[in-house]
Amino acid sequence: MAARHRTRWATGGAALALALSAALAGCGGDDSPADAASKAQSAVGSIASEAGEAVESASAEARQRLDDIQDGADVKDDVTAGPPVTGSDGRVRTELTAHNTDDSSRSFAIQVDFRDAGGQLVDTVIVTVDHVQAGHSATATARSTHDLSGEVRAEVARAVRY
């Protein structure tokens, strides 16, 4: 059975940090890990792109918010990114494969960083892959939030299984 997946895209420095903080301030308490991941997607999905230091700040904030997912397991090694491909719209895409090594169905929240040839962070996105059956893999597509030119690398910066 194919897993259902959703993608959301994000970058944007201080605005992202504020949006994520506001959206996820209540991650403790009654919110489930799925609710926390969904709030992270919504917050980052609506932020416009910025460059340089703002993107670095957004990346750090996204990693912190993934840390906040209760009962999540760090599973970066269980997620791979395929080669990046630039579409006719100038956006870079990469296919992600999440392998569920747990013994029950799980979802994944994945941060993908896009870097230029010099290693400079140029974009960050968060993608979720929902309901991956135990022992199976599922795919999703990470897409940059804006046109990226030149050589671009896509890397899994962080992955949390919940």
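Residues are numbered from 1 along each chain as its sequence is written. In this predicted model, local features need pLDDT of at least 70, side-chain atom pairs count only at pLDDT 80 or more, totals for chains, interfaces and linings use all residues, and side-chain values use heavy atoms, with hydrogens and water left out.

Reader: Which residues have the most contacts inside the largest nonpolar core?
Author: A nonpolar core is a set of buried Ala, Val, Leu, Ile, Met, Phe, Trp, Tyr and Cys residues joined through side-chain atoms within 4.5 Å. Buried means under 20% relative accessible area, exposed over 50%, partly exposed in between (1.4 Å probe, protein chains only). The largest such core has 21 residues, and those with the most contacts inside it are F108, I110, V112 and F114.

Reader: Which elements give two or more residues to this core?
Author: Helices (H or I, at least four residues) and strands (E, at least two) are DSSP runs, numbered from the N terminus. The elements asked for are β5 (92–99), β6 (106–116), β7 (121–132), β8 (137–143) and β9 (152–161).

Reader: Which residues does F108 touch, beyond four places away in sequence?
Author: Contact means heavy atoms within 4.5 Å. Residues up to four places away in sequence are not counted. That leaves V75, V79, A98, H99, N100, V127, T128, V129, V132, V160, R161 and Y162.

Reader: How many residues of β6 are buried?
Author: β6 is mostly covered. Of its eleven residues, the buried ones number nine.

Reader: Which residue of β7 stands opposite I110?
Author: Two strands pair if DSSP finds at least two bridges between them. β6 and β7 pair in the antiparallel sense over nine bridges. They form a hairpin with four residues between them. Opposite I110 stands V127.

Reader: Which residue of β9 stands opposite D116?
Author: β6 and β9 run antiparallel, joined by nine bridges. In β9, the residue facing D116 is V152.

Reader: Is H131 buried, partly exposed or exposed?
Author: H131 sits in strand β7. Its phi is positive, about 55°, although H131 is not a glycine. Because its relative accessibility is 43%, H131 counts as partly exposed.

Reader: What is the relative accessible area of D71?
Author: D71 lies in the loop between α3 (53–67) and β2 (73–74). Its phi is near 60°, a positive value in a residue other than glycine. D71 is exposed, with a relative accessible area of 75%.
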